[in-house]
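Reader: Got a model here I'd like to go through. Can you take me over the sheet and the domains?

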Amino acid sequence: MSWDQVWIDINIATMDPTSTIPYGAITQGAMAIKEGKIAWIGERKDLPKFDTLSTPIYRGKGGWITPGIIDAHTHLVFAGNRAHEFEQRLEGMSYEDIALAGGGILSTVNACREASEAELFELGRQRLNALAREGVTTVEIKSGYGLDTETELKLLRVARALGEHHHIDVKTTFLGAHAIATEYQGRADDYIDLVINDMLPKVIKDNLADAVDVFCEHIAFNHAQTKQVLTAAKAAGLNIKLHAEQLSNLGGSAMAAKLGALSVDHIEFISEESIKVLSQYGTCATLLPGAYYSLRETQLPPIALLRQYKIPMVVASDYNPGSSPICSSLLMLNMSCILFKLTPEEALQGMTINAAKALGIADNVGSLEIGKVADFCLWDINTPAQLAYTYGVNACQQVVKSGRVIP
Ligand code: NIG
Ligand code: FE
């Protein structure tokens with residue numbers, strides 16, 4: 001066998017969805033990489049003979065290998081911060097009150113309109129570095145802090161540039177319909193017209209987005225407006241997703257699922273009827289414990305029902321300066337278990353294979369199987385549950401991206 005590298009002395013949480021073993025685990029495993037892809041994976045004792053003199057051999061010292069961590073929902077390109085609103089919330093103001101008073105998303109919009117592309121790029125780069133240290137190999141980044149054509153395009157260009165210059169893969173999502181721009185207050189339909197007829201065509205022309213998202217909520221866009229944007233995006237051949245049922249139940253999830261959404265995100269207030277629709281259409285449910293925690297929400301997402309209907313559960317950081325100012329994907333593994341009572345295995349599925357589904361890339365990444373891209377991490381842990389169990393001591397020893405060992 002001729003391979004580019006071989007890994008031994010490892011246990012592997014393959015997260016192979018077809019495996020009947022928890023985590024798809026292979027203890028005392030081995031893995032071979034060729035041209036950036038997984039060429040062989042299995043038990044060490046079954047590893048075919050290969051040229052041990054010419055093939056680099058990596059020893060995992062008995063640690064665990066997992067697929068690279070995928071954070072499928074972030075807003076990580078932004079300028080400024082909202083520490084003042086944090087203080088206001090601690091004094092009793094709600095997230096909605098702050099938004100309705102012109103703060104919230106709109107305050108980050110002001111900061112982003114003023115920031116240069118270079119400034120936004122540098123901020124984003126530092127944040128990606130922080131995520132990379134935790135084993136993240138793919139991240140989704142949304143726009144939505146521009147709310148005018150120029151700034152929305154700027155944010156997406158920065159996100160694309162980050163993907164080109166960083167080893168982390170970046171999937172971009174156009175979220176022009178995140179809030180009603182100040183200039184359009186009281187004219188939400190006109191703003192939606194701008195999103196669909198001015199922003200979206202330009203986003204498509206410059207190939208700036210892989211998906212389109214909308215914030216469907218009483219403080220943002222209603223069911224009909226949301227449907228218009230998603231329908232236009234779908235017609236243009238883009239993937240669609242939705243911020244839905246975060247603060248109330250507008251039925252956005254079911255509508256988005258019927259239109260073919262890859263995921264519906266937040267969904268604390270989703271109904272059983274809507275969950276049934278998700279199951280019919282194969283839509284993922286993205287759980288965002290960082291926002292639930294930071295906003296001190298009390299309405300839990302209906303985990304038992306999501307399990308009952310076998311909805312793929314995704315876990316993501318929602319990293320943003322308002323509702324989830326937490327630049328850590330790993331912490332979400334812990335929070336999703338503690339706050340939402342996911343099992344550690346469900347949590348890891350949520351940041352690997354199911355996250356890949358939510359981004360439409362599960363054929364290539366998200367689990368360790370022959371033919372998939374060699375994106376993986378080596379962790380100094382004794383059992384995969386440790387990834388969710390503890391936080392603060394970074395057990396990530398090594399990251400490999402497309403077969404390249406990241407220095
Ligand atoms: O996912 N819910 C809407 N959007 C973001 C929050 C954005 C912000 O507050 O800046 C979210 O929670
Ligand atoms: Fe979000």
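Author: Terms first. Two strands pair if DSSP finds at least two bridges between them. Helices (H or I, at least four residues) and strands (E, at least two) are DSSP runs, numbered from the N terminus. This is a predicted model: local features need pLDDT of at least 70, side-chain atom pairs count only at pLDDT 80 or more, and totals for chains, interfaces and linings use all residues. Residues are numbered from 1 along each chain as its sequence is written.

Reader: What is the strand order in the open sheet of 7 strands?

Author: β3-β2-β1-β4-β13-β14-β15, with mixed pairing. β3 (37-43) and β15 (404-405) stand at the edges. Each has a single partner strand, so one side of each lacks a neighbour in the sheet.

Reader: How many bridges join β2 to β3?

Author: 6, and the two strands run antiparallel. Ile33 has Ile38 in β3 as its bridge partner.

Reader: Switching topic. Which domains does the assignment give?

Author: Domain 1 (5-68 + 367-405) and domain 2 (69-358). The bounds come from an automatic or database domain assignment. 21 residues from domain 1 and 22 residues from domain 2 make the contact, meaning C-beta atoms, placed from the backbone, within 7 Å.

Reader: Which elements of domain 1 each supply at least two residues to the side touching domain 2?

Author: β4 (57-67), α15 (386-389) and β14 (396-401).

Reader: And how far apart are the C-alpha centres of domain 1 and domain 2?

Author: They lie 30 Å apart.

Key:
Chains lettered and ligands numbered in written order. Contact = placed C-beta atoms within 7 Å.
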